[in-house]
Amino acid sequence: MDSAFRFADDLGPAKIILVHEPACALKAVLVVDNVAAGPAIGGLRMAPDVSVEECARLARAMTLKNAAAGLAHGGGKSVLFGDPRMPRGDKERLIRAFAGALADERDYIFGPDMGTDEQCMAWVHDEIGRAVGLPRELGGIPLDEIGATGWGLAHATEVALQDSGCPLAGARVAIQGFGAVGRNAMRFLGERGAVLVAASDTGGTLHDPNGIDIAALTALKKAGRSVVSHDRGEALTGEAILDVACDIWIPAARPDVINESNAERLNTRLVVEGANIPATEAAERRLHQRGILCVPDFIANAGGVICAAVEYHGGTQSTAFAAIEEKLRRNTDEVLRDARERGVTPRVAAVQLAAGRVRKAMATRRWGVF
Ligand code: NAD
């Protein structure tokens, strides 16, 4: 009993469902964290090494992200144990079986995450009619192609930079992880005059203090090559991006890349978190002490889920862009102002903002949590 409720607190989780179907080797977990504001939206992650605990942490992050974004959705997450690169027929069978097992679980709407994509969401939609992040042909808005999360990051960055009194035009940007999120954020920042001085991927870091051609680097990445194969600038190790002198440092790759062992190295005035949980809490506190402003992940990278929610409610790409801009600018401003006034880290302010909204939504429901 105790261990089954080890993740529980006053916000959730509402339900944890284990799905096991030996006939097709299906092992999967759904965590619906909180549905006070509406049915939970959260991604389906497929990986061999996921756990119930990871699923519960990610579901909570979605509760906070969706509440902060003011969406009519709670937070949830599902994980499917398996190698996402397995043969397509096997993957389709597993995903269809998992969706079928959750056909009546109306508190959860599937979305894409690591190891799944719009094709996977099309299979879920075909089985149970409840998925976002669909292909365009099924009424979806392709959020990575249009750069929904990058669009939001660019707005969060612009607002945060005003806070530190630095103009965006001419500001120097370093991007760790020049993928869908990182390069789209840079595309929108570049349109506003910001200069890319470093970008990294699994191949290493490209550094050029005089500025890197964003379109050329994007084309190179889309051709499947590493940033370090660019013919201008200096190729450095992946780690070296931590030391690059810049005004804006954007992590857009892996969790915990900024930690206690390297938080001293960042040479920037602003960190805007594109990846999920890219910095440990201790590292964020250290950045705060050093006077480096840090916009937390679930505030800065909410563009993708806002786009998914707009799609779910039948909106268009331009509605999605307008909603992302409005929500991200307002939330970033509110969180940074509150943090400044109370002398707390932006994460403390952001969690209080989001959890406060969840509790208010819970108070409107007939029985507390659900
Ligand atoms: P992606 O796979 O398109 O890009 C990730 C990039 O990071 C790749 O270029 C990869 O080479 C690089 N990378 C991986 N490990 C690295 C490392 N150790 N150092 C430097 N670069 C590294 O993924 P994405 O969709 O851009 O997502 C990036 C992050 O943002 C993930 O943490 C994801 O969970 C988070 N996120 C994505 C969205 C979205 O809309 N796609 C929304 C919210 C959060």
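Modeller: We're looking at a predicted model, where local features need pLDDT of at least 70, side-chain atom pairs count only at pLDDT 80 or more, and totals for chains, interfaces and linings use all residues. Residues are numbered from 1 along each chain as its sequence is written, and side-chain values use heavy atoms, with hydrogens and water left out.

Biologist: How many residues of domain 1 are in contact with domain 2?

Modeller: The bounds, from an automatic or database domain assignment, are 2–62 + 74–140 for domain 1 and 148–356 for domain 2. Their C-alpha centres lie 27 Å apart. Taking contact as heavy atoms within 4.5 Å, domain 2 puts in 9 residues and domain 1 puts in 13.

Biologist: Which members of the largest nonpolar core touch the most others?

Modeller: A nonpolar core is a set of buried Ala, Val, Leu, Ile, Met, Phe, Trp, Tyr and Cys residues joined through side-chain atoms within 4.5 Å; buried is under 20% relative accessible area, exposed over 50%, partly exposed in between (1.4 Å probe, protein chains only). Among the 72 residues, the ones touching the most other members are Met186, Leu196, Ile248, Ile250 and Val272. This core takes at least three residues from each of domain 1 and domain 2. There's also a second, separate core of 25 residues, including Leu30, Tyr108, Ile128 and Leu134, but for the largest one your list is Met186, Leu196, Ile248, Ile250 and Val272.

Biologist: Now a lysine. Is Lys77 buried or exposed?

Modeller: Lys77 sits in strand β4, residues 75–81 (strands are DSSP runs of E, at least two residues, and helices of H or I, at least four, numbered from the N terminus). Its side chain makes a polar contact of 3.2 Å with the side chain of Asp113. Because its relative accessibility is 4%, Lys77 counts as buried.

Biologist: Over to β5. Which residue in β5 does Gly42 stand opposite?

Modeller: Strands pair if DSSP finds at least two bridges between them, and here 5 bridges join β3 (residues 40–47) to β5, running parallel. β5 (residues 108–112) is mostly covered, with 4 of its 5 residues buried. Opposite Gly42 stands Phe110.

Biologist: What do the buried residues of α3 pack against?

Modeller: Helix α3 covers residues 118–128, and its buried residues include Trp123 and Ile128. At its start, a side-chain oxygen of Asp117 reaches to within 3.1 Å of the backbone nitrogen of Gln119, while just after α3, Gly129 takes a positive phi of about 70 degrees. The buried residues pack against β3, α2 (88–101) and β5.

How values were computed. A polar contact is a pair of N or O atoms within 3.5 Å; within protein, one must be able to donate a hydrogen and the other to accept it, and residues adjacent in sequence count only if both atoms are side-chain atoms.
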